[in-house]
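Trainee: I would like to see how the labels on this structure are reached. Please take me through some of them.
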Amino acid sequence: MFNLEQLVRPNISTLKPYSSARDEFKGEANIFLDANENSLGSPLVKWYNRYPDPLQLKVKEKISFIKKVPVDQIFLGNGSDEAIDLLFRCFCEPGIDEVVVFPPTYGMYEVSANINNVKLNKVPLTTTFQLDLETLEQVLKPNTKIIWICSPNNPTGNSIDREAIEMILNNFDGLVVIDEAYINFSRQQSWLSDLVDYPNLVVLQTLSKAWGLAGIRLGNAFASKEIVGYLNKVKPPYNISEPVQELAIKSLEEIGQVNDMIVTLVNERQILANALLQYEDVLEVYPSDANFLLVRFKNAAGVYNYLVEHGIVVRDRSNVIHCEGCLRITVGTPLENKKLLESLSSFNKL
Ligand SMILES: *Cc1c(COP(=O)(O)O)cnc(C)c1O
């Protein structure tokens, strides 16, 4: 049976969080001399001399409206990376607890595990990039606290089958984190609507991909209000700056523009995939639910270096499991994709 109180680290359970000036005063006032801010202003035209809302309520209200998730089930981090780190810090006792990942996958789960001195068990995806539940069962221990699933998965691009994830959600007593950084490019249903059914589910999303805002650093974790409560307790008090909150609110009002970009990128993904298949050097273009393609080449290193010489950088994934000879290529603008294909044509003629 899932029991959050047993899952959380004891020191986090008893932690008394930092209480800011604005946390302690609630009410009406117009002279704020409680936070040692600079009352005169700042050198900027727009001042930013006041500390931002620690719980980012206005941003969360917009996200809540779009995602149909209550405000108290939304956590905002300085990128998803902050949410990933906080999940380790809240739920995994260094040197004792363990987690599971399914490689090849996003590298931050492993880095964060290493930073937090948490043992990471790797259960490779099958050759069709799906979960291997039998091997998973063998590595699970009573102190396995988190299972990290990335769907659509980076770098393979595919979505993970729902039934396998459901099986884990129903049978695992720790947290199941589903990283949906690329969900907007997929036809698969998000797991957000399943939060009501699973107290052990955490869904990660981000403004870095479909929303086009990698530079502002804003990631979301959606979970039960109790899990979100722990993340809020441990996060730095003002983890999302005022300019970022303002920019997020503005962008969240432009969902139409974002949807147009998603349509364009998904179309370009198909055009690019078809075009790549025409090349003799291309052995395989994997199906993608994301804004990138995993492509297997006869001579990945040669292609990679040739592209770099022509000012085009792609991601070399040829040294990760199941991705031998593979480059991960982000779908660019139509012009960028055309230039990529032209470079590949000239490589072909060498
Ligand atoms: C790009 C990416 C993210 C985004 O991380 P941010 O810190 O929000 O920019 C998260 N997860 C995966 C799998 C990604 O590929």
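Trainee: Why is R162 called buried?

Mentor: Buried means under 20% relative accessible area, exposed over 50% and partly exposed in between, with a 1.4 Å probe and protein chains only. R162 has a relative accessible area of 18%, so R162 is buried. The model is predicted: local features need pLDDT of at least 70, side-chain atom pairs count only at pLDDT 80 or more, and totals for chains, interfaces and linings use all residues. Residues are numbered from 1 along each chain as its sequence is written, and side-chain values use heavy atoms, with hydrogens and water left out.

Trainee: What makes R162 and D194 a salt bridge?

Mentor: A salt bridge needs a side-chain nitrogen of Lys or Arg within 4 Å of a carboxyl oxygen of Asp or Glu. The closest N and O atoms of R162 and D194 are 3.0 Å apart, so the pair meets that cut-off. D194 is buried, at 10%.

Trainee: Why is the pair of Y182 and F292 called edge-to-face?

Mentor: Rings of Phe, Tyr and Trp (its six-membered ring) pair if their centres lie within 6.5 Å; planes under 30 degrees apart count as stacked, over 60 as edge-to-face and the rest as tilted. Here the centres are 5.1 Å apart and the planes at 80°, so the pair is edge-to-face.
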